Amino acid sequence: MVLVMKLLFLTCLWSTATLHSSHSQHHHLHRRQQLSFSRKHTSKREIKMRKLDSTKVRPLKSEQLLHIEDHDFALRPGFGGSPIPVGIDVQVESIDSISEVDMDFTMTLYLRHYWKDERLSFRSNKNKSMTFDGRLIKKIWVPDVFFVHSKRSFIHDTTVENIMLRVYPDGNVLFSLRITVSAMCFMDFSRFPLDTQNCSLELESYAYNEDDLMLYWKHGNKSLTTDEQISLSQFFIEEFSASSGLAFYSSTGWYNRLFINFALRRHIFFFVLQSYFPAMLMVMLSWVSFWIDRRAVPARVSLGITTVLTMSTIMTGVSASMPQVSYIKAVDVYLWISFLFVFLSVIEYAAVNYLTTIEERKQLKKRGKASGVYMDAVQAMAFDGCFHDTDVDMDLSGFSDPCEENETRTSETNISNVESTRLKRSLKGNVGRIILQNNHVIDTYSRIIFPSVYIVFNFLYWGLYI
């Protein structure tokens, strides 16, 4: 009986363990199924995310087509072999400014490069090229052309960078950009403003000498074209031309260099109105003093000083708009000669004034005038600034001029009112003759010599510089 009870107890324990084991196995199986489903779901999500984010991981279709990821574009095409030919053509859009003070010019142009890079070749059934913007430029090799003697330059970026890259199926590449550059122009102002300036914009590779890169004009002389509407306020553009040459640097060797040459002829009409014509008028105005009575000291002196100061102002204005060069310009020659004529007219009257004073003193002494009378004449000239010609002043005592009134007071002879009236009537038709007789001989010759010499100078000047 006891044995039967033990067998039943053992059977119950075995069934309980078996049931518990099967339940545990079922639980583990369910857990495995859940993990498997979770992994599958996660894998699907990851695949979906990768598809959505494929542009960041995989290269672009254009880059795949051009095999950009398969080559090292840090090296030039055909590295280690013959130099790569790079053709250039330029279309000048405008010449924005010419500065004489800074000796430079500003130009806007379209710069185009042509070369062949077989690494960029691709298959095309219709043999069509592909065009890209500036984003692809940083991933491929492009020529490193720069502007020699440039002060500043920039690529236009409105509305986007003005860069175009066109790749052909055989690997030929066109690289175009729109750029504005300010470069030096070595100007010669020895004939200013009757000058013609020759300027040039120079292009050259910065890193590759002639052993690695051969720079040349793509279409020869036809590689340089210009806009027909190019115009400048002070210059007339005579010609544009393209040329080439070599430049040597002691540390790196020989480099190919291309030149954009253009000649500028200055319009002279502006300077004729602003400088030449006013100077000419001031010189002619200074000649007026030769026709003014030598006794009118204030009139002649003030006229001479005014013309001298005006000429100085004209010369200062011209110099302010020009660079401070160490040689004489054509406009300087004309202005300084004109200034000399104006200055000599003042010196001429100083000579007339001095010689007239000496002459009056000699006449007074020769006539045996008393010392008191002689001193009165000299003192009168000193106080009122007028000469007192005894032959005329003594006869014209009836006039109301202050100088003649002073002379009348010192004269010992009084003319009656009737005689003075008769004398005035007799002089009405002879005033011009009396003035001419009263002029100094220097004034007489100056009226002829000064204009004649100035006219000859103008003929020589304009004949030499035009």
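Where is Met 103 found?

Modeller: Met 103 is found in the loop between β1 and β2, the latter covering residues 104-116. This is a predicted model, in which local features need pLDDT of at least 70 and side-chain atom pairs count only at pLDDT 80 or more, whereas totals for chains, interfaces and linings use all residues. Residues are numbered from 1 along each chain as its sequence is written, and side-chain values use heavy atoms, with hydrogens and water left out.

The phi angle of Met 103 is near 55 degrees, which is a positive value in a residue other than glycine. With a relative accessible area of 23%, Met 103 is partly exposed, a class that lies between buried (under 20% relative accessible area) and exposed (over 50%), using a 1.4 Å probe and protein chains only. His 149, which is not a glycine either, also has a positive phi, of about 60 degrees; His 149 lies in the loop between β4 and β5 and is partly exposed at a relative accessible area of 37%.

Strand β1, on one side of the Met 103 loop, covers residues 84-99 and is joined by five bridges to strand β9, with the two running parallel. Strands (E, at least two residues) and helices (H or I, at least four) are DSSP runs numbered from the N terminus, and two strands pair if DSSP finds at least two bridges between them. Across this pairing, Ile 88 stands opposite Trp 217 in β9.

Pro 85 has its place in strand β1 and counts as partly exposed at 39% relative accessibility. The C-alpha atoms of Pro 85 and Leu 213 are separated by 6.1 Å, although these residues are 128 residues apart along the chain. Leaving aside residues up to four places away in sequence, Pro 85 touches Tyr 114, Trp 115, Met 214 and Tyr 216, where contact means heavy atoms within 4.5 Å. In the protein as a whole, residues 24 or more positions apart account for 76% of the contacts with a separation of 6 or more.

Four of the strands form an open sheet in the order β4-β8-β12-β11, with antiparallel pairing. Because β4 (145-148) and β11 (235-249) stand at the edges with a single partner strand each, one side of each is left without a neighbour in the sheet. β11 and β12, the latter covering residues 253-266, pair in the antiparallel sense over 14 bridges, and Tyr 249 stands opposite Gly 253 in β12.

Two loops contain a cis peptide bond. One runs from Thr 158 to Thr 159, with omega near 0 degrees, and Thr 159 lies in the loop between β5 (150-155) and β6 (163-167). Another joins Phe 192 and Pro 193, where omega is about 0 degrees, and Pro 193 is found in the loop between β7 (172-184) and β8 (196-205).

Among the helices, α5 (residues 297-320) has buried residues that include Val 297, Leu 303, Thr 307 and Met 311, and the buried residues of α5 pack against α4 (269-286), α6 (330-366) and α12 (441-465). In α4, where Leu 281 is found, Leu 281 is partly exposed with a relative accessible area of 38%; the C-alpha atoms of Leu 281 and Thr 307, 26 residues apart along the chain, are separated by 9.4 Å. α6 and α12 pack at an angle of about 175 degrees with their axes 12 Å apart, the axes being lines fitted to C-alpha atoms over the stretch in contact and the angles running from 0 to 180 degrees between N-to-C directions. That makes α6 roughly antiparallel to α12, a description used for angles over 145 degrees.

Technical notes
Angles under 35 degrees count as roughly parallel, over 145 as roughly antiparallel, 65 to 115 as roughly perpendicular and the rest as oblique.
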